[in-house]
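Thanks for coming, everyone. I'd like to walk through some chain contacts and a few side chains. Have a look at the model first.

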Protein chains: 4
Amino acid sequence: MSRFSEPQHPDFQRLNASIGFDRRLWPQDIAQSQAHARMLAARGIISEADGDALIKGLQAVALELAEERFPFDPGDEDIHMAIERRLTEIAGPVGGRLHTARSRNDQVVTDLAMFTREAAVAAGAAIAEAMGALLKRACEHAATAMPGYTHLQRAQPVYLGHHLLAYFWMLERDRRRFAYARREAGRLPLGAGAMAGVNFDTDRAMLAAELGFEQVAPNSIDAVSGRDFLLDFLGAAATCATHLSRLGAELVLWSSSEFGFCTLPDSWSSGSSIMPQKKNPDAAELLRGKAPRVVAHLTALHGVIHALPLTYNKDLQEDKEHLFDAADTLQLCLAAASGMIAGAAFDEQRMREAASDELIAATDIADLLVKLGMPFREAHGVVAGLVRTALDSGRALSELTAEELAAQSELLGAHQGEFREVLSSSSWLESKISEGGTSTARLAEQLTRAEQALDEDPFG
Amino acid sequence: MSRFSEPQHPDFQRLNASIGFDRRLWPQDIAQSQAHARMLAARGIISEADGDALIKGLQAVALELAEERFPFDPGDEDIHMAIERRLTEIAGPVGGRLHTARSRNDQVVTDLAMFTREAAVAAGAAIAEAMGALLKRACEHAATAMPGYTHLQRAQPVYLGHHLLAYFWMLERDRRRFAYARREAGRLPLGAGAMAGVNFDTDRAMLAAELGFEQVAPNSIDAVSGRDFLLDFLGAAATCATHLSRLGAELVLWSSSEFGFCTLPDSWSSGSSIMPQKKNPDAAELLRGKAPRVVAHLTALHGVIHALPLTYNKDLQEDKEHLFDAADTLQLCLAAASGMIAGAAFDEQRMREAASDELIAATDIADLLVKLGMPFREAHGVVAGLVRTALDSGRALSELTAEELAAQSELLGAHQGEFREVLSSSSWLESKISEGGTSTARLAEQLTRAEQALDEDPFG
Amino acid sequence: MSRFSEPQHPDFQRLNASIGFDRRLWPQDIAQSQAHARMLAARGIISEADGDALIKGLQAVALELAEERFPFDPGDEDIHMAIERRLTEIAGPVGGRLHTARSRNDQVVTDLAMFTREAAVAAGAAIAEAMGALLKRACEHAATAMPGYTHLQRAQPVYLGHHLLAYFWMLERDRRRFAYARREAGRLPLGAGAMAGVNFDTDRAMLAAELGFEQVAPNSIDAVSGRDFLLDFLGAAATCATHLSRLGAELVLWSSSEFGFCTLPDSWSSGSSIMPQKKNPDAAELLRGKAPRVVAHLTALHGVIHALPLTYNKDLQEDKEHLFDAADTLQLCLAAASGMIAGAAFDEQRMREAASDELIAATDIADLLVKLGMPFREAHGVVAGLVRTALDSGRALSELTAEELAAQSELLGAHQGEFREVLSSSSWLESKISEGGTSTARLAEQLTRAEQALDEDPFG
Amino acid sequence: MSRFSEPQHPDFQRLNASIGFDRRLWPQDIAQSQAHARMLAARGIISEADGDALIKGLQAVALELAEERFPFDPGDEDIHMAIERRLTEIAGPVGGRLHTARSRNDQVVTDLAMFTREAAVAAGAAIAEAMGALLKRACEHAATAMPGYTHLQRAQPVYLGHHLLAYFWMLERDRRRFAYARREAGRLPLGAGAMAGVNFDTDRAMLAAELGFEQVAPNSIDAVSGRDFLLDFLGAAATCATHLSRLGAELVLWSSSEFGFCTLPDSWSSGSSIMPQKKNPDAAELLRGKAPRVVAHLTALHGVIHALPLTYNKDLQEDKEHLFDAADTLQLCLAAASGMIAGAAFDEQRMREAASDELIAATDIADLLVKLGMPFREAHGVVAGLVRTALDSGRALSELTAEELAAQSELLGAHQGEFREVLSSSSWLESKISEGGTSTARLAEQLTRAEQALDEDPFG
């Protein structure tokens, strides 16, 4: 008999049911339930025979689910009820014992924590693959000069390998974020019951060990109310997606006729329905365009939790779709990033030409003056004057006359040889000798450091 | 022959394909294509015979889709290509003529605009239903006293009908927002081609008239790049969802044992898997919990459009899922709101008792003093003193002695009769005689105004 | 005497006080209070003499505020209390009568609505200025060819004037959004009191007329609880800011060495602290970078209102800073857009060269084949084959041999003359003859339509 | 001489200048510059004498800033230029040497990283204070029964101490998030120069050690482009603010007449301008209402970074205000939380009465049946039937007759004594004996664990 006298409204069922999306939690739910049954039997809360029957029955249910022949029922509101219903059909009334010392509140959040921990590991692996692709291309292009940009203006030349490694390090931090998120989801909620604990002296440490959790959640109320471990995961995903959006934006830019720095692989590009000549960087654009979606999942969950009184409230059902879509989206984006990086053809000549733009040696002229004893600010002004004189007359810096140089600065007038040497030299890149800089020796150091970082496992 | 030498990577196809979600645009796509074929024939761009063949072929395709027997192909990237492919299978090579003078860029955004306009009308209708439900209950409860709250503290008594109408007016504005969104989507993009217009002198006015658009988009670049009409729709949806979240929050509150103001219908409530006595206001909680999801769709689309160079970029494919889910979610939420409002049982006695809390007559005491000539600020202080005296001694205001009254204010001491009358009177509600106030006469006015507002059609 | 026995904690005062930001509402507050005093006297709720004293006193307070010599007091929690305190200092005890028949709840939201309506008009004017700047430059460049882009790939040539007008139309819609927001803020909240109406038969219609509101808010509860008019304003601001972010992004792109399409005015550019040659498009970058800030204000306010029970809650104090910063930010961004558009120097030669890229005539070749009788899809395939043949052999389309053409399509082999004419012709732009297309005649039509649109006043 | 021929537009200066908000970075900027000068001298890049002069000059500047007598100049665009300008005024031309081997790009992000690290520590300390307050009150109320809620329905009784500790553990995780954010900001950017490294062999390890950074950022491009350490900080702040919003919401609820569970301290409450009796929980409401603001800062920064090409772009100036306001807001919110928790008066009797609602023993009845051998699902149904029978007839569970019990279940009929014992017993709380549950022994364990957790320093 039910407490209710009226059936649920069909629209309410559509609003309320989560089976459409939570069914993918079945592997976690089966594993959790089997561990729970084992624990109940070990504690004598149910008999050994009942425990065995439950575990075996769950195995049969799992097989049906794995083979996609599980008979879903229109009345299955969520995957947890569906599995329990089917378990009882298969194993008989003993199925009803499975929910002893457990509530849907702690059951659901435990499934979620398990899923999150696995998704974090999967994200970490996909990130590592992208890191590997970047490192490989960085090694190949350790000597390919290109312009470095600030404000999308050519600023100083760098090696392409150095530029690619910038993304490597972003991803390296993102991987660590997922490791952090995994750790934060490491306190087992199972055993909290509806919210106050349960009426049995269960063995939660045994459950934690079986299910791979590091600890037991210390407070039953917090265990069923808290979703901040999902915020950690979504935060990691959002930051990673935002990083990938920068990579995507640069690949789009570099693939344009105007930049012409790279050609993306055909296998990651599209044509146009109307313009037969077009080769469009769709995958790179989607890297860029997917980030707001992932960030929105993060903010939506913040919104769901906002101002929510303890303990469990139905609003929290709004956690799963955000989690699932963020995990899936990021996984695809990382695959796209790896594929495009691995397959991109860089036009070294075009990059090199762009890097040899004389104007971008200007800082080095200023530094020459500093080395000759002029304070930096004064040197900066002198060179700015040179640049303006050159631009106003449509000439290159190297075309300025001795008089023009001396007019800007006597010191410069007296060191014209060094001035012209800096301009003509191909060594602008090599002058960046500070740690972390682009010079060949420093880049080699960095490549080594990156190899080590790739091998470190933050999930360990 | 294709411009490409390599097949697409499977992960790219998964990332790139939109068929999984854009298939629901088929009715718009068929209608658009039929109008397009008719126009092409009318302009002599294709022959009458070809036009007829296309229209008939599209009809056959539509039937397959409507009857869910359309043979989707693994290679169908989106619904537009799927329909064109199938059209060519059915109608023969003439199918290839359909894309004359059209690009996927203007085709897609036209489908979207059509969908948006219909979704806005649907949202408007669902809102009107909820407004009707609120108005009906407001009429029933035009004389049911309840406490009005500020800061969730009892502040002044109001009639429940007055309170319910507050939601009516929020929704009335939301309906107008959808009408605005519909209007803003009323400039036909079709005919913009890929982005520059097309090489044929098409008749866009004819297309607009056939497809129910008010105008033709004046600029082909803007037509394929712009998605602000979606921001308008999502903005309307977000505001409406946020309003519903307030209603949901109040229904949750009122259903608690502590408030006890209402009982939600069983058909919109859930039980607990572990606590047999529970009747949970799940639908009201989801009203509350769904708003951040809709708001997130709005912000995600802002993020997608952010900093996007003109014209069409693949990032814009990230518009559809946000639109669809926002429209669907809101539709369900409005149904839930209507259902709960229509079915809620209000506990009039409980509300009335809470409304007769003597403390909430305090403002009226102050106003009595004002009418007796005391400046409001001084009166406010006098009454605050009375309240403190009463609370400190654990008594009600009406239990204060004549001396205590006079100690706070001589004027009050001299008008104790009126003081006690205000406290004992059941007329606190009736004293709110200003326009829009809660007194019976004003509420009657408001109910009339609401009836008129409900009948007005902002979509007209 | 106060109801409280303990003073407020200093941290609470810092958290709670709004004087730091709401002081800018003083002009609205004064105007509102003067209208209120006039109404109170007209209705006989206060005497004529008191009414005059209040109005005169408020005038004196306004003068102090305007001349920045208003003596703020550490105890002033908000501007409303500060003004009333000062009024009482200046006008004597009569100042205490001003708050008759009014509460801070309706007072605050009325100030806000007044501010919003004025800010909407100001935004509309700044938008119109930017529209004017775009229109002027579009007229100047009605014949300047440039490449149109899809996916940031050169797609089809367009006139720069056509491209600039795309932004014109975005802004035209944004202006209408602000007009809508202004209208939605047009129902006067004043008179709602704390939330239930007031104990006096006030004349709200008189107040509405004096303060320029179209109507009176019909429900006192809704009047003090609702902030959706702010969501409308912030929504308009967010959409406009997102549009400007696209303009900013394009100006950054066009200012790069690689594109070289335009030079921004020195007056809207910055130098570098270290690289003397740099001229950075800081203003364009900030156009791009400010949009997320404005969007965040919108979502923050949604968050504040989310799940908030009626009526006024202190959370709503979190509306003002979002409103003020959004209004100010947008105003600056619009000034920057106008300034940069007006002052940008477009490099016509560079644009023209980029537009004459032969590959972007490919769609026109396909359309040639369509006109010769080939279905579009087949023609698309033929041209894709040509493009691949050309790219694979490093040649231009016009360098393909007769045999190569015939190999792709007999029809093409038979019409080589027309093929070469399309490629050599400078008329690709002029073939876009559909309404809204880029051809000279259509662009002229559009410029006329834009002029008319600029002159229309959606606020009327 | 400048590269520019036109002065900056005043609106551009307003848009571009950051001095209004970045001036608070002065302590970081001075410390950084002193360390930089020391390093330059140590490496022989400048002379010892120049190094000393710079350090002494910076000390003088710092004193002016600390004493608020620093002469800001209208031309000071940001705090970095202001300090350098003033340094040169005080120390003479040597001031110009300070910017050797440094760019504003690495300088700014270094200041930010320093600020972030300090702000993380400060947030950690404020969190620890709130944890301490919660723990203290939890100890006091380890035996105060109250109803635990799910779906805001009374579910199972818990001890108030147990409920308060739920917040303790949320904050414990938040503190760890800030420790994580601090660590992630631990790679020194200084020395990256504009983006490619600098032309001097600087000693970045020395700088890192002096400024308290754990490592040196390995890639100069990443160092000036990356802001993910700010996302970590804002993410921690957002999660913490969202947690506090739940606490705020509960305090508002509990302070209502309907709940009546607690009275907030006067020092953290407000009165009403019109209703003299009101005591409003403004601080609790602001706890609730501030969370969306902090979350919005997080999402805004994601938006700023979205799709941004490397390396530094002016958009990144939009990082500071979000950081500062998030840090300040959170600090105030934590103070409010601590103050309210410490000062709240809990109404134990009221809570206890609410906790003894017979209906909330229902789960225990079901568990009784389970212990008697009935499968849980069946037991759940039996009790649901009892509840419905009781509610339908307006009686309590304990008022059901023996026949009614037996009608629902023979087993129950046979164990009426135990049934009535469970209902009458005051031991419902004590039956929650599982780890983390609310029983006295388990709560004592938890209090001990909490004390240990409070003493652990995640920043160590």
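A salt bridge, for today, is a side-chain nitrogen of Lys or Arg within 4 Å of a carboxyl oxygen of Asp or Glu. Hold on to that cut-off. Also keep in mind that this is a predicted model.

Here is a first case. R154(B) pairs with E258(D) in a salt bridge. The closest N and O atoms are 2.8 Å apart. That pair joins two chains, so let's stay with the contact between D and B.

How many residues does each chain bring to this contact? Chain D gives 42 residues, and chain B gives 42 residues. The area buried between chain D and chain B is about 3400 Å². Carbon and sulfur atoms give 56% of that area. Two salt bridges turn up across this interface. Polar contacts here come to 10 residue pairs, with both residues at pLDDT 80 or more.

Which parts of chain D face chain B? The most comes from α15(D), with six residues. By class, this side of chain D has 19 nonpolar, 15 polar and eight charged residues.

Now the symmetry. Two copies of a chain are related by a rotation about an axis and a shift along it. For chain D and chain B, the rotation is 180° and the shift is 0.0 Å. The superposition gives an RMSD of 0.0 Å. That makes the relation a two-fold axis. Which residue of chain D has its C-alpha nearest the axis? E258(D) does, at 2.6 Å from the axis.

Next, chain B against chain C. Here 113 residues of chain B are in contact with 113 residues of chain C. About 9800 Å² is buried between chain B and chain C. Of that, carbon and sulfur atoms give 52%. The interface holds 14 salt bridges. It also has 70 residue pairs in polar contact, again with both at pLDDT 80 or more. The side of chain B that touches chain C divides into 46 nonpolar, 40 polar and 27 charged residues.

Side chains of opposite charge can pair when their charged atoms come close. What does R177(B) pair with? One partner is D232(C), with the closest N and O atoms 2.6 Å apart. Another is D228(C), at 3.1 Å. The second pair runs from D228(C) in helix α10 (residues 228-255) of chain C to R177(B) in helix α7 (residues 160-184) of chain B. Are these two buried or exposed? D228(C) has 2% relative accessibility, so it counts as buried. R177(B) has 4%, so R177(B) counts as buried too.

Other salt bridges stay inside one chain. In chain C, R85(C) and E89(C) meet at 2.7 Å, N to O. They are four residues apart in helix α5 (residues 79-91) of chain C, so about one helical turn separates them. R85(C) is partly exposed, at 21% relative accessible area. E89(C) is partly exposed as well, at 46%.

Chain D has a pair with that spacing. E348(D) and R352(D) form a salt bridge at 3.6 Å, N to O. Both sit in helix α13 (residues 348-355) of chain D, four residues apart, about one turn of the helix. E348(D) is partly exposed at 33%. R352(D) is partly exposed at 41%.

In chain A, salt bridges that share partners build a network. Its members are E64(A), E67(A), R69(A), D76(A), R85(A), R86(A) and E89(A). Over all chains, the whole structure has 171 salt bridges.

Last stop, a glutamine. Q34(D) lies in helix α3 (residues 26-42) of chain D. Its relative accessibility is 12%, so Q34(D) counts as buried. What does Q34(D) touch, leaving out residues up to four places away in sequence? I55(D), L58(D) and Q59(D). The backbone oxygen of I55(D) is 3.2 Å from a polar atom of the Q34(D) side chain.

Methods: Residues are numbered from 1 along each chain as its sequence is written. Chains are lettered from A and ligands numbered from 1 in the order in which they are written. Side-chain values use heavy atoms; hydrogens and water are left out. Contact means heavy atoms within 4.5 Å. Buried area is the accessible area (1.4 Å probe) that two parts lose on being put together, summed over both. A polar contact is a pair of N or O atoms within 3.5 Å; within protein, one must be able to donate a hydrogen and the other to accept it, and residues adjacent in sequence count only if both atoms are side-chain atoms. Ala, Val, Leu, Ile, Met, Phe, Trp, Tyr, Cys and Pro count as nonpolar, Asp, Glu, Lys and Arg as charged, and the others, Gly among them, as polar. Helices (H or I, at least four residues) and strands (E, at least two) are DSSP runs, numbered from the N terminus. Copies are superposed by least squares on the C-alpha atoms of residues with pLDDT of at least 70 in both. Buried means under 20% relative accessible area, exposed over 50%, partly exposed in between (1.4 Å probe, protein chains only).
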